[in-house]
Amino acid sequence: VADLMAMYRTVADVVLKDDLRQYVQLPTIRGGKRQIVVAQSGEPFKAYQRVLAKRIKAIESRSGRPQKGDDIILSVITDGRHSAIDLRFVDVGIGNEDGNKLNLLIENVYSIWRETSEHRYTDPETGKPYQLPRAVAMIFSDLDTEAAIETRGFSVYVRIRDRLIAMGIPADQIAFMQHYKKNSAKQRLFNDLNQGRKRIVLGSTATMGTGVNAQQRLKALHHLDVPWIPSDIEQREGRIERQGNQNDEIELYGYATSGSMDAT
């Protein structure tokens, strides 16, 4: 790899994102960096953390290799990541917690949606204002897409969509990236976002982290969960912090639950 990179750099110059600002216009980030929104953990969450701690102790005290069906550390971590979003992922009988990070995200998304409803944008091809005003927001979550209803009985995507609709956002302004599989369908979605027909899109790093050119109106980006690889965060935020975004200032948010793995 080192030799290949040496060969490559004899014919190419590597320009990093910070260098790029010398050559193209990129939006500034509100506050200068990603804002971390921390949800305070309630007693039900703390009680579940103690359950996880007991599982870890049991795993550590076990002798020999784990057998099929045995609890493993990765399963504990996965349950911990889910519980930090909403406890209903680990116990569907638990009710809604108003202050958890999922609800904080929903409230923030709705607030920005309302505040940016009259923002105006221009068609870069014609130079004329778009017919519709409105800014756009992206929500990233690699955990708990629609399919999570079958495996865990609860879905972040469905909860966010249904709650936003109940708060007054028209259903036709919300899109799930996973519903647009063909290139032609994805391009239609990108056009809808750039022209303001869609205003909120939910997706994962795999489906929305690359090849998405829907930045013209993109005002805010929300990380509901934390990917394992730091470059995934860079890929996500590359959708909004890019040339062609007509907002002078953008907003980046990460959500965490106090005392959880994602906060760390």
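Helix α5 (101–115) and strand β3 (136–140) each supply at least two residues to the lining of the largest cavity; helices (H or I, at least four residues) and strands (E, at least two) are DSSP runs, numbered from the N terminus. The model is a predicted one, in which local features need pLDDT of at least 70 and side-chain atom pairs count only at pLDDT 80 or more, while totals for chains, interfaces and linings use all residues. Residues are numbered from 1 along each chain as its sequence is written, and side-chain values use heavy atoms, with hydrogens and water left out.

A cavity here is a set of points, on a 1 Å grid over the protein atoms alone, where a 1.4 Å probe fits but cannot get out; a pocket is an open set with protein on both sides within 12 Å along at least five of seven lines, and lining residues have an atom within 4 Å of a point. Searching the whole structure turns up one cavity of 30 Å³ or more. The largest cavity holds about 50 Å³ of space (the volume filled by probe spheres set on the points, with grid points joined across faces, edges and corners). Its lining is made up of V109, I112, W113, T116, A135, V136, A137, R199, I200 and K219. With three residues, α5 gives the most to this lining. By class, the lining of the largest cavity has seven nonpolar, one polar and two charged residues (Ala, Val, Leu, Ile, Met, Phe, Trp, Tyr, Cys and Pro count as nonpolar, Asp, Glu, Lys and Arg as charged, and the others, Gly among them, as polar).

Helix α5 also packs against α7 (residues 156–167), at an angle of about 45° and with the axes 10 Å apart; axes are lines fitted to C-alpha atoms, for helices over the stretch in contact, and angles run from 0 to 180 degrees between N-to-C directions. The two helices, α5 and α7, are therefore oblique to each other (under 35 degrees is roughly parallel, over 145 roughly antiparallel, 65 to 115 roughly perpendicular, and the rest oblique). In this contact (heavy atoms within 4.5 Å), α5 brings L102, N103, L105, I106, V109 and Y110, and α7 brings V156, R159, I160, R163, L164 and M167. Nine of the contact residues are nonpolar, one is polar and two are charged. V109 turns up in the cavity lining as well.

Helix α4 packs with α3 (residues 43–61) at about 175°, the axes being 10 Å apart, so α3 and α4 are roughly antiparallel.
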